[in-house]
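Subject: Structure handover

Hello,

Here is the structure I said I would pass on. Please open it alongside this message and follow the notes below it.

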Amino acid sequence: MKKDLRAERASRAPQRSLPPARKSLGQHFLIDPNIVRKIVRLAELQPGETVLEIGAGRGVLTEALLGVSGSVVAIEVDPALCAHLRALLGHHSSLKLIEGDAMAFDFAWLAEPFLVVANLPYYLSTPLLFRLLQARQRISRMVLMLQAEVVARLAASPGGKDYGVLSIAAQFGCEVRQAFSVSASCFRPPPGVGSAIVVLTPLSRPRVAVREEAVFFKLVRAGFAHRRKALLNSLRDEGYDPDRTRIVMAQSGIDAGRRAETLSIEEFAGLANRLQ
């Protein structure tokens, strides 16, 4: 009888309210446990490995990662969510919760190599991706939830509207695998865009040989700065000498009238090496 009364009181006890989603931070919390399980399986975490989670939110993915990883470093910028995470998961000795901006986080603080498993904040996904790609030599693999259109850009081939600087940056240093799509109903509140999971596996060496990465990516960014223009004109507008560029393009077998979106990574690399 006493046991039944305790159960009845427990059922009527108020549950801890969850922090609301903040529109200013683009928060859409994953609620589908099946999607969480699929993400964790894709990560292929091994005991003792360290995983970095960016945008821990309400902790659904964080808790699943703690079940299989030796150490989880979770970054969350929202103070209310951090308080919730401390109350929910603070008893896990393997969790290190960082309250702060992921764009300012020093990856050197983590033991190498580490994994990144995250539902990236959609409003900040592109700059975060560039940060992660720059730090790829420290990372063994990344399993990321992103807008479906960003995943399409990561995996895009030359010649299409999705192909651009992000495509080249990802494919230059990583193997890109589109895993699966995620319905808006798997989030609260539901996002107004499609979502998808991508797996990025850093390569042991860049896909193409370039003399200097900084020079290569400066050329790529200049080429795509004016997408509607021919590559020669776009580079001219970004400060490259048109006469020299025309000669080097001819030496590289690249027609001066082509647009940047038609050039492969190999063609950009050859052009950058010759221009340098």
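This is a predicted model: local features need pLDDT of at least 70, side-chain atom pairs count only at pLDDT 80 or more; totals for chains, interfaces and linings use all residues.

Residues are numbered from 1 along each chain as its sequence is written, and side-chain values use heavy atoms, with hydrogens and water left out.

Overall

The term pLDDT is the predictor's confidence in each residue, on a scale from 0 to 100. The average for the protein is 91, and 93% of the residues score at least 70.

The C-alpha trace spans about 90 × 35 × 30 Å along its principal axes. The secondary structure comes to 11 helices and 9 strands; these are DSSP runs numbered from the N terminus, with helices being H or I of at least four residues and strands E of at least two. Among contacts between residues at least 6 apart in sequence, 67% join residues at least 24 apart.

Cores

Of the 276 residues, 46% count as buried. Buried means under 20% relative accessible area, exposed means over 50%, and partly exposed lies in between, using a 1.4 Å probe and protein chains only. In soluble globular proteins, nonpolar side chains tend to be buried together. A nonpolar core is a set of buried Ala, Val, Leu, Ile, Met, Phe, Trp, Tyr and Cys residues joined through side-chain atoms within 4.5 Å.

The largest nonpolar core has 61 residues, and L52, L144, F216 and F268 have the most contacts inside it. A second, separate core has 31 residues, including L85, V117, Y122 and V143. Leaving aside neighbours within four places in sequence, L52 touches V73, I75, F105, F107, L110, F114, L115, V116 and V117.

One leucine

Is L88 exposed, partly exposed or buried? L88 counts as partly exposed because its relative accessibility is 29%. L88 belongs to helix α4, residues 79-89. Its C-alpha lies 9.0 Å from that of E63, although L88 and E63 are 25 residues apart in sequence.

Helix pairs

Axes here are lines fitted to C-alpha atoms, for helices over the stretch in contact, and angles run from 0 to 180 degrees between N-to-C directions. Angles under 35 degrees count as roughly parallel, over 145 as roughly antiparallel, 65 to 115 as roughly perpendicular and the rest as oblique.

Helices α7 (residues 165-173) and α8 (residues 213-224) pack at about 155 degrees with their axes 9 Å apart, so α7 and α8 are roughly antiparallel. V165, I168, A169 and F172 of α7 make the contact with E213, F216, F217, V220, R221 and F224 of α8.

The axes of α6 (residues 148-155) and α7 come within 6 Å and cross at roughly 60 degrees, so α6 and α7 are oblique. Here V150, R153, L154 and A155 of α6 meet L166, S167, A170 and Q171 of α7.

The axes of α10 (residues 242-251) and α11 (residues 265-275) come within 10 Å and cross at roughly 130 degrees, so α10 and α11 are oblique as well. On the α10 side are R244, T245, V248, M249 and Q251, which meet L271, R274 and L275 in α11.

Regards

Notes: Contact means heavy atoms within 4.5 Å.
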